[in-house]
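Here is a structure to read through by question and answer.

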Amino acid sequence: MTLGEPTQVQQEEPQPVGIEPSDSAAAAELVRTPMWRVRLRLFRRSFARNWALFRENKMGMFGLVLIGIFALMAIIHPILMSTVWDPKVYDPVTGYDAVLTEYEVVEEVTDPTTQIEVSEARIKLNPTIKVGDTVRIPAQPAPPTWTGENPHYLGTDPQGRDILSQLLYSTRAAFFLGAVAALTTVIIATTVGSVAAYFGGWIDGGLMRFADLILLMPLLPLLIVMSAAFDINMVMLGVLIGILNGFGGVAIVLKSQALSIKVKAYIDAAKVAGGGDWHVIFRHIVPNVLPLSFLYMMFGVTEAIAIEATLSFFGLLNVPMTWGVMINTAQANGYLLSGTQYWWLLFPAGLAVTFLAFAFFIVGRGMDEVINPRLRAR
Amino acid sequence: MIRFLARRLVQMALLFVVFLSIVWLLLQAMPGDISDTLVGNPDIPREVRFELRQRLGLDQPLHIQYITYITNFFRGEMGVSFSRYPADVSTVIWQHLPRTIVLFLTATVFAFWLGFKSGKLIAWGRGGRSEQAFILGGVFLQTVFYPWFAIVMMWVFGFYLGWFPISRFIDARLWQGSPYDANDLFEQMILSTLLVTVVYVVGRVLIKRFATTVTMEARLRQALVLVTVGGLILFWYLHPARTYVADIAHHTVLPVVTLGLVTFGATMLLTRSAMLETLGEDYILTARAKGLPDRVIRDRHAARNAMLPVTTSLVLSLAFVIGGGIVTESVFSWPGTGQLLLQAVMVSDIPLAAGILAVTGVLALVGHLVADVLYTVLDPRIRIT
Amino acid sequence: MTISVANLETRQVDPTKPLLEVDRLVMHYKIKAGEVSAVEDVTFTVHQGEAVGLVGESGCGKTSVALSLMRLLPNNAEYVSGQIRLDGEDLLQLTDEEMRTRRWKDIAMVFQGAMNSWNPVYRVGDQIREVLDTHFRGQMTYEQQREHMERLFAAVGLPGEMLDRYPHEFSGGMRQRAVIAMALACSPQLIIADEPTTALDVIVQDQILKELKRIQTELGMSIIYISHDIAVIAEVTDSLGVMYAGKLVEYGPTTEVFARPKHPYAYLLLKSTPSITGPRRQLAPLEGEPPDLLAPPTGCRFHPRCPFATERCAIEEPPLADIGGGHRVACWHWEQVPDLEEALLR
């Protein structure tokens with residue numbers, strides 16, 4: 001064993017990762033590509049990865065499928081209206097069809113959808129009608145009919161309008177409202193959150209206090225009172241909901257997200273490189289907050305649909321036809337407690353609201369699992 | 001902790017003033033003068049209308065009106081109701097408020113208890129078919145169209161099964177000619193429940209002080225529960241008005257359960273994810289190593305810590321419960337402030353509507369504060385720093 | 001200082017009698033990609049009153065062994081074969097409930113990063129009382145429990161009133177001591193200390209180790225130290241085991257193993273600490289990385305990195321063979337190991 005002399009130990013040169021020394025051409029190529037194309041490529045790659053993750057979530061995929069079905073419904077309606085359906089009969093708001101329904105004349109009515117009392121029949125048609133006769137009387141709301149000149153697959157409402165047509169037409173309204181509300185929320189909340197996080201100080205304090213206030217106000221009662229003061233239509237409603245949500249809880253969550261980005265090194269780098277405040281906010285912070293914003297957009301749509309339907313159910317909105325209006329019509333004409341007898345007045349609309357809200361919600365949850373890895377099944 | 005609460009209270013009060021101002025602005029946004037609406041009301045003579053304008057301060061400049069409105073509110077004066085003239089807005093609200101509060105509280109407690117328990121159990125169970133079913137159920141209940149759901153509930157349990165009355169607060173026929181006033185009895189019910197709760201809390205504190213062993217403490221606690229709950233039930237059982245009380249209670253069940261069901265889904269899902277996170281913590285492994293029984297680990301260690309984020313979210317669900325309460329009251333014809341609000345809006349009784357909105361804001365504020373207090377009580381790291 | 005309240009007393013130890021016998025323990029983790037061979041054929045014995053050390057790199061399986069002893073493994077772990085005998089009773093044959101009653105009472109554990117062993121919402125005293133309520137239910141009054149806990153705290157050098165505080169009011173070192181106090185609460189026969197002093201500064205480290213040693217000898221407890229810090233282990237243990245890739249490659253009296261390691265891995269591991277006082281010499285580098293336990297190497301698991309590896313090492317696994325004086329080695333070429341230093345320096 002030799003001591004006192006440092007011995008040479010063989011060591012290999014560490015290899016640089018990725019770029020082979022001979023591949024300078026590729027490296028140069030990379031540098032020359034414009035920034036936006038690089039970004040696009042990265043975006044597509046991460047999107048593909050996230051999509052693969054999302055696909056594993058069965059519920060999320062189911063939600064997407066549901067949304068797709070509803071989208072189809074929305075698209076089909078104008079097609080049907082301009083081709084197969086006669087507007088005079090099928091228009092969701094102004095159509096009218098007094099469907100001739102067969103009734104059995106009886107002493108005492110047990111099922112009003114198939115029976116008619118003898119004295120009523122005599123008044124409506126002619127006095128010679130006897131118990132046991134079968135008569136045909138135009139009636140609304142009419143139960144579903146699948147045959148005849150103008151089939152009504154889901155029946156008609158108390159004003160003689162086709163339920164299916166109403167259902168399909170309202171889908172468009174629902175998507176529209178959801179989009180307006182969610183987009184407004186996200187735009188406002190992202191901006192508010194990013195600005196508050198970036199500037200800090202009293203701007204932050206003020207915005208957060210304001211958000212506290214918004215959180216304090218329960219949305220439904222406020223909208224109810226507003227509807228008394230103003231005539232609210234779809235666009236207004238969407239914007240209102242969007243504003244109220246945008247400045248509230250969502251802004252707070254997005255602000256924490258923005259904060260976690262703000263402290264990252266590349267923000268300082270951007271500032272040192274001379275980027276102005278707004279440049280940093282919109283080019284660096286906002287794009288990283290966006291995935292989370294997108295998530296809340298899903299939940300925003302859910303909420304908007306539910307609120308609109310509830311307000312329409314109370315008859316407080318100035319909208320021609322939505323699912324909520326359909327239920328309201330049923331209630332205003334006293335058919336609500338009929339249970340299964342006039343089911344087509346209540347169930348299609350109610351289920352439509354439920355399922356569309358449900359669909360957006362589980363898509364949101366599915367996205368949540370992609371963005372928040374901790375929630376994934378262990 | 002007291003300092004923290006005092007600070008929060010002041011913050012909340014300030015926020016509320018801003019809220020009230022917004023309500024006032026809304027009032028001003030209504031087209032026309034408030035008293036103009038009264039013109040159409042044939043019951044109100046012209047001199048009275050003039051006096052009303054003076055009383056309401058409508059002939060004063062705008063900023064004075066604003067200040068008066070705010071100060072009046074804190075004094076409890078919210079104007080006169082149009083649709084129930086000459087009743088005060090505050091009187092009308094006060095008549096209806098206890099019922100709404102009972103609906104809220106009971107539904108919230110029910111939803112929280114059910115949601116927390118189920119979320120805790122399915123998180124502990126670590127997967128399986130039943131977990132998927134529960135999650136699906138919880139999500140469904142959260143997104144179902146509430147008015148539709150309430151109608152279906154009413155139809156199934158009220159109509160079809162006949163288990164519960166369909167609507168209203170009491171059965172009018174039953175109460176005809178009875179010596180009791182429904183509101184009075186209702187208030188008595190509330191008071192007795194409050195009393196029992198206070199007795200329970202005090203009892204628990206005393207037991208903690210004076211018990212000497214674990215087994216003795218456990219037995220005393222069980223006895224306390226028996227005495228308080230049993231005492232309450234016994235008291236009302238022996239009370240002469242018991243059929244009427246039972247009627248009130250009977251009418252309360254379905255609205256509370258319906259509202260509770262749609263709220264519990266959110267709590268359950270949140271509890272589940274909070275539990276899953278907590279279960280990964282080191283102290284859970286330590287608890288297992290200590291040889292503690294499963295139930296103790298799940299409840300005393302995991303669930304207790306999972307409660308923290310759930311409590312925070314209680315605040316958010318508050319807004320939902322308030323909105324849901326309005327729908328519940330409407331569908332079940334439950335005579336609370338929610339139904340009152342809808343009625344007021346229908347007939348453009350602006351003072352009443354605005355008054356209810358303001359009171360709702362107060363309720364929300366109180367709810368916020370309670371959640372804050374609860375959180376500080378639950379998490380010693382905030383209490384003691 | 002003695003701790004003796006109720007039925008917790010110092011015990012008489014017979015250092016020749018075995019307390020815990022780990023007999024050819026094999027444990028695998030089941031994951032999506034397959035089975036991870038985490039503990040493979042590990043055999044050693046802890047005698048009454050003995051302090052045993054287990055050293056090795058991260059991921060070598062020492063913590064898995066510790067968790068196996070208390071049956072605290074996660075759901076996807078499987079005991080493939082072997083026995084763990086405590087006082088002659090095989091712990092692996094017990095039901096869950098029976099094992100639960102033995103935990104902490106017979107074997108207690110001080111975890112890695114023990115600072116986080118505390119539930120933040122309960123007072124420290126209440127959390128210690130939990131074990132007393134669980135294992136000695138109805139046998140102690142609140143007063144007696146309090147007395148006992150105060151003595152436990154005194155034994156680790158903590159003031160009694162800290163029992164009423166919350167964990168976040170303790171410093172890191174204090175929390176560690178409190179964890180040790182809690183481990184002693186039921187006067188177990190065996191304590192497993194997994195990295196008890198990592199994340200503490202050296203002075204506190206030293207204090208805690210001395211405390212542990214003192215308590216251990218006074219109470220006649222056995223203790224298993226697990227660490228990657230050889231200097232720490234060498235000071236406080238009577239026997240030392242070296243683990244690599246889930247296998248126990250060397251085992252024997254600490255003085256022997258530490259001064260004259262016979263397994264190439266053990267040698268490289270133990271000799272990798274530079275000596276302040278000794279002659280200057282080159283640090284012997286250990287090349288490569290520990291193997292993937294999903295698909296471990298054939299034969300001796302160390303052979304891909306071993307300077308002495310021959311063809312035989314890749315085919316036949318060397319058993320843990322006795323080479324005299326209680327010293328066991330699992331290597332075909334252990335006799336050549338003292339030449340290692342020369343071989344490396346050439």
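Me: How far apart do the C-alpha centres of domain 1 and domain 2 of chain A lie?
Reply: This is a predicted model. In the domain assignment of chain A, domain 1 covers 100-138 and domain 2 covers 160-371. The distance between their C-alpha centres is 50 Å.

Me: Why is strand β9 of chain C largely enclosed by the rest of the structure?
Reply: On one side of β9(C), S239(C), G241(C) and M243(C) are buried, and on the other L240(C), V242(C) and Y244(C) are buried. Strand β9 of chain C, residues 239-244, is therefore largely enclosed because the number of its six residues that are buried is six.

Me: Which residue of β10(C) stands opposite S239(C)?
Reply: β9(C) is joined to β3 (residues 51-55) of chain C by four bridges, in parallel, and there S239(C) is the bridge partner of V52(C). With β10 (residues 247-253) of chain C, β9(C) runs antiparallel, joined by six bridges. In β10(C), the residue opposite S239(C) is P253(C).

Me: Which helix gives the most to the side of chain A that touches chain B?
Reply: Chain A and chain B bury about 4200 Å² between them, 83% of it on carbon and sulfur atoms. Across this interface there are zero salt bridges and two residue pairs in polar contact. On the side of chain A, α7 (201-216), α8 (219-229), α12 (277-313) and α14 (343-371) each supply at least two residues. The one that gives the most, with eleven residues, is α14(A).

How values were computed: Residues are numbered from 1 along each chain as its sequence is written. Chains are lettered from A and ligands numbered from 1 in the order in which they are written. This is a predicted model: local features need pLDDT of at least 70, side-chain atom pairs count only at pLDDT 80 or more; totals for chains, interfaces and linings use all residues. Side-chain values use heavy atoms; hydrogens and water are left out. Domain bounds come from an automatic or database domain assignment. Buried means under 20% relative accessible area, exposed over 50%, partly exposed in between (1.4 Å probe, protein chains only). Two strands pair if DSSP finds at least two bridges between them. Buried area is the accessible area (1.4 Å probe) that two parts lose on being put together, summed over both. A salt bridge is a side-chain nitrogen of Lys or Arg within 4 Å of a carboxyl oxygen of Asp or Glu. A polar contact is a pair of N or O atoms within 3.5 Å; within protein, one must be able to donate a hydrogen and the other to accept it, and residues adjacent in sequence count only if both atoms are side-chain atoms.
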